[in-house]
Structure formats: structure tokens, C-alpha cells
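Open the model in your viewer and keep the selection panel at hand. The stops below say what to select next.

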Amino acid sequence: MPLILGIDGCKTGWFTVWQDEEAAIQSSIFSSLNSLKDFFSNQNHLILGIDMPVILSEQIPREADQLARKLLSKKASSVFTAPTPEMLEQPNYEKASFVSRRLFGKSMSLQSWYLFPKIKDVQTIIHDPHINIYEIHPELSFRAMNNEEVILESKKSKAGFEIRNSLLIRQFKSFDFESIRNLYPKKDVMDNDILDAMAVLWSAKRIQSKKASFLPKIPEKPNMQIVY
């Protein structure tokens, strides 16, 4: 059986959760995805769900991004616009934004630029034969857990946290937010990193059990999809 992991970017790298043989939740922070791969080198096969663009398009926006925004309606702004490979190759924000304007007539946000190092890190492992990596958007995962209803409350608000935490408790009998929270300082892992990684793990497990949904169903390139 492959080991299934849920991964969310955090201030110090990648916050990662998985279940052990007793279905207990385990977690760790990895500085890079290659260090994660090395840590699990005794595993023959890894299924990684990750909250980060995986397969990039030469066009903006990707169909997956458009479909995700449509499903999330009022929370559509939570969907990040994935860059093109050419944009990702640029050495600084000004040049990446110049490519964006040349190709698509609009500048790229600074928020997008700050995610480039993590998107580049994803690209280092996508061709590993022992790894299947899938792009997962946590808010789509929470929507699916919530009877296909978008959660409008911010995950950083008390109400938003409680809604998402209760959904995760329902899906994972062994999940206890505080027991994970107590392992990491907030300067390294924020509350929403824990929630998001767990939501990503939930959707990654749905891939293995063939219950997941894929946006779009027929992608432009293999695996250029957002899964939930």
C-alpha cells in the first residue's frame, strides 16, 4: 500500500501530515520536498496531495483554476493563479511580471511571486517514478466535506476555524488539533496550515479510494488538475 501524505506550505517549508499503521495522525515539517522524499525513502510508493500548483500551463488562467473559482463562488479569490513555465524561469519579480504582461496583458501579483520558490520545489519531484503528486485546494476539500457548501467564514476567524475543525474531526477519528498545535511554534506552523494539510490529506485519501473529483476531468496535460 502506498503512503498517503497531505502537504501545505508553511513559513519554514512544508507542513506534512499522514496516518501511521494504527491510523494515528503523524506530522512533520520538511525544508524541501526532496528532504521529504529522503525521509520516506523506505516507502516504495508515495501519494502526495499538496496545496500548490503542480503541472503548469503555457496559458493563464488554467482551466483547473477557472473551474475551482466557479465552484468556490464567493471564496474564488482563494484560488491562486498558477504561473506559466516561462514566468517561473524569470530571476526576479519585474521580469516575471513583464512576461505576464507580454503574454496575457496583465501584471502578476507580488503574492504570486512569493510562491515561486515553492512551485519550483514541486517541479523537482514531479517526475519521480515512486511518487504520484496531486494538486489539492483545501477550500474545495472543505466544501466537499460540508455537503458541497462553500464555507464563507475565514479559516482565520473563530467561527471559520471551528467549522473546519469539526469537519476534520468527523473525517479523522484520531485527529486532535491541539495535540498537533502543541508540537510546533506558531512562527513555524500557523493554525490554518494544520487545517489545510489535514484537508489535503483527506482529498489525497479519496484519490486512492477512487472517490475524488478532478477539475477538469480531461486536462490539457496529464495531471493538470485540481483534486478534492
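Select R164 and E139: their side chains are joined by a polar contact of 2.9 Å. A polar contact is a pair of N or O atoms within 3.5 Å; within protein, one must be able to donate a hydrogen and the other to accept it, and residues adjacent in sequence count only if both atoms are side-chain atoms. This is a predicted model, where local features need pLDDT of at least 70, side-chain atom pairs count only at pLDDT 80 or more, and totals for chains, interfaces and linings use all residues. Residues are numbered from 1 along each chain as its sequence is written, and side-chain values use heavy atoms, with hydrogens and water left out.

Stay on R164. Its side chain also reaches the backbone oxygen of E153, at 2.8 Å. R164 sits in helix α8, residues 158-171. Helices (H or I, at least four residues) and strands (E, at least two) are DSSP runs, numbered from the N terminus. Is R164 buried or exposed? R164 counts as buried because its relative accessibility is 0%. Buried means under 20% relative accessible area, exposed over 50%, partly exposed in between (1.4 Å probe, protein chains only).

Now show the surroundings of R164. Leaving out residues up to four places away in sequence, R164 touches K75, E139, F142, I151, E153, S154, K155 and L195. Contact here means heavy atoms within 4.5 Å.

Next, select α7 with α8. Their axes lie 10 Å apart, at an angle of about 65°. Axes are lines fitted to C-alpha atoms, for helices over the stretch in contact, and angles run from 0 to 180 degrees between N-to-C directions. So α7 is roughly perpendicular to α8. Angles under 35 degrees count as roughly parallel, over 145 as roughly antiparallel, 65 to 115 as roughly perpendicular and the rest as oblique. The crossing of α7 and α8 is left-handed: the near helix is turned anticlockwise from the far one by less than a right angle, whereas clockwise would be right-handed.

Colour the residues in that contact. From α7 come E139, F142 and M145; from α8 come R164, L167, L168 and Q171. By class, the α7 and α8 contact has 4 nonpolar, 1 polar and 2 charged residues. Ala, Val, Leu, Ile, Met, Phe, Trp, Tyr, Cys and Pro count as nonpolar, Asp, Glu, Lys and Arg as charged, and the others, Gly among them, as polar.

Helix α2 (residues 63-72) packs against helix α7 (residues 138-145) at about 45°, with axes 10 Å apart. That angle is why α2 counts as oblique to α7. This crossing, too, is left-handed. A68, L71 and L72 of α2 meet E139, L140 and R143 of α7. The α2 and α7 contact has 4 nonpolar, no polar and 2 charged residues.

Select α7 alone. How many of its residues are buried? The count is 8 of 8. Buried residues of α7 pack against α2, β5 (131-136), α8, α10 (191-208), β6 (214-215) and β7 (226-227). Just after α7, pick N147, which takes a positive phi of about 55°.

Last stop: R62, in the loop between β4 (46-50) and α2. R62 counts as buried because its relative accessibility is 2%. Its side chain makes a polar contact with the side chain of D65, at 2.8 Å.
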